[in-house]
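Please keep the sequence and the structure in view while reading.

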Amino acid sequence: MAEILRPDLCVVGAGPGGFTAAATAALFGAPVVLVANQAIDGPWRSAGAAASAALSYAGAHVRAARDSAFLGMGTSTARINHPRVHAHVQRVVAASVAEESPYRLAALGVRVLQDEARFIDRRSLLVGETTVTPRRFLIATGSEPVIPDIPGLADIDVLTDDSILDTTHHPERLVIIGAGRTGVTLAQAQRRLGAEVTLIDRGPALRREDAEIAAFALAALRQEGITIHERATIKRVEATRDAKRVDVETEADGSIVVEASHICVAVGRKPTFGGLDLQAAGVATGGAGIALGRGSATSNRRIYALGLASGEGADSHFAAHLAKDEARRIVRGMLFRAAPAAPVVPRLTMTDPEIATVGLSEAEARARHGDVRILRAPFAQNERAEADRAVAGEIKVVLTRRGRILGCAIAGAAAGELIIPWTLAIAEGLTIAQVSRLEMPTLTYSAVSRDAALSFYAPQTRSRWVRGMARFLRLFG
Ligand SMILES: Cc1cc2nc3c(=O)[nH]c(=O)nc-3n(C[C@H](O)[C@H](O)[C@H](O)COP(=O)(O)OP(=O)(O)OC[C@H]3O[C@@H](n4cnc5c(N)ncnc54)[C@H](O)[C@@H]3O)c2cc1C
Ligand SMILES: NC(=O)c1ccc[n+]([C@@H]2O[C@H](COP(=O)([O-])OP(=O)(O)OC[C@H]3O[C@@H](n4cnc5c(N)ncnc54)[C@H](O)[C@@H]3O)[C@@H](O)[C@H]2O)c1
């Protein structure tokens, strides 16, 4: 039966961003409608981060089993049960989806409508037979994979970063097009699960990471047997009778052909709006997505857009925690007319070794502050890393000349945890002197952070003046 709803806020899209926006507004007592075009507790709801972490976990276990030959244990030829791996991925996705269940939303008083949504004019959205005319809308419809314009690609079956996580097929020979965070993470997991993997990128691999820090992860990938072609051009792909053929112009080896059982495309994401009909709503779009003004408002001041939906974040702000943070800020801006400032947010890439970053990169800091100081400490000098056979890695801290912390990048075991105190330090404007006073327990990876902080004083220990002072004070006993 046709129904008209008039909530304060209508959120379209129930990914991490949309869910958080709906829950936040409801917590402050606002009447909210959330529109999900899929069952929000359904098995296929977007959960890329959870699925890829589950696959990486499976890969890490296979790797550990194979490595156990080092201790004389006989599992160096671990066999993989692919349906069980898939079941594990599905379980993790289900658990992450359950965290954001419709029951939690219902308990908060959010009305969930499950259907395709379409604007019918500047103030109204049609969802099935229900019309929603709220005070404000938030579009949080997320993203979809970009399919690159490569001759022949449109004529063959390809996997994407979405579908590969959902497939029960085990790719035997896998070519991944695009060696960004997604491609590299998938490559390592699939290699560990037994695939022959070739990564092809038209630019440098892991281009969004500090090159010095990314090198640790890329070295691990190569050492595990993954072929990486950087600055390579794919001329054509085609399906032969029993394989897929990729013609590549490489820097190192000239023209080569790579044969694959599967090709996966991981060249980035673009905003998606389903059949929303933004034109009917008077929402202006540009090349990259929706054009946004203050507080993430669109050209229709009743309608706001989140993260990738706006196209703004397509290149640098794509992570579930960033979508959630942005959702909270947009909603608080709507409700209280003043949004909190953007916090300092760390990033984590789930390769092994992990890569975690926060604040400015070395290049950004040099461009903004001119003269900067860089501190480094290797995992190779850390006892815990030695014991765990996880010595590949480095911490790199970027400072102003006077010691204010501007950024930190870490490659190594537990990098995602190690980055947290550096995030706090940057958020609170701490200096390296303050961090260097933190003592870390022996046999923790955190001792690497302390080593980096203490190295700030290395030039002083070599200073003639300081040494002279120490000599002078010795005269007094
Ligand atoms: C392979 C992969 C690995 C990733 N790894 C990580 C990681 O390690 N760490 C990390 O932080 N992030 C990771 N991410 C990114 C993370 O998944 C996204 O940043 C996050 O999902 C973005 O949330 P969102 O709410 O903006 O959009 P989405 O999660 O895309 O949700 C949008 C929702 O809106 C729905 N929708 C679309 N159109 C309509 C419509 N017309 N009506 C109603 N509903 C609609 C969609 O079906 C979808 O459910 C990864 C992503 C992928 C694909
Ligand atoms: N842990 C995380 O937070 C996480 C994990 C995965 C993805 N992400 C984010 O998701 C977004 C998308 O990630 P992504 O890795 O898909 O995209 P990306 O843009 O980071 O990397 C895509 C890569 O594909 C390459 N490429 C583009 N067209 C190509 C072509 N025709 N041939 C060969 N190579 C080509 C690019 O040079 C680039 O290196 C990014 O913003 C990323 O930061 C985050």
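## Ligand 1

The shell around ligand 1 is made up of 17 nonpolar, 18 polar and four charged residues, where Ala, Val, Leu, Ile, Met, Phe, Trp, Tyr, Cys and Pro count as nonpolar, Asp, Glu, Lys and Arg as charged, and the others, Gly among them, as polar. The model is predicted, so local features need pLDDT of at least 70 and side-chain atom pairs count only at pLDDT 80 or more, whereas totals for chains, interfaces and linings use all residues. Residues are numbered from 1 along each chain as its sequence is written, while chains are lettered from A and ligands numbered from 1 in the order in which they are written.

Gly13, Gly15, Gly48, Gly142 and Gly274 come nearest among the 39 residues around ligand 1, a residue being near if its C-beta atom, placed from the backbone, lies within 6 Å. Two or more residues of this shell come from each of helix 1 (16–27), strand 3 (32–36), helix 2, helix 7 (307–310) and helix 8 (320–336); helices (H or I, at least four residues) and strands (E, at least two) are DSSP runs, numbered from the N terminus.

## Domains

An automatic or database assignment gives domain 1 (3–46 + 100–144 + 270–335), domain 2 (153–268) and domain 3 (353–461). Ligand 1 lies between domain 1 and domain 2, because both give residues to its shell.

## Ligand 2

Ligand 2 is surrounded by 27 residues, with Gly178, Gly180, Thr182, Val267 and Phe318 the closest. Its shell divides into twelve nonpolar, seven polar and eight charged residues.
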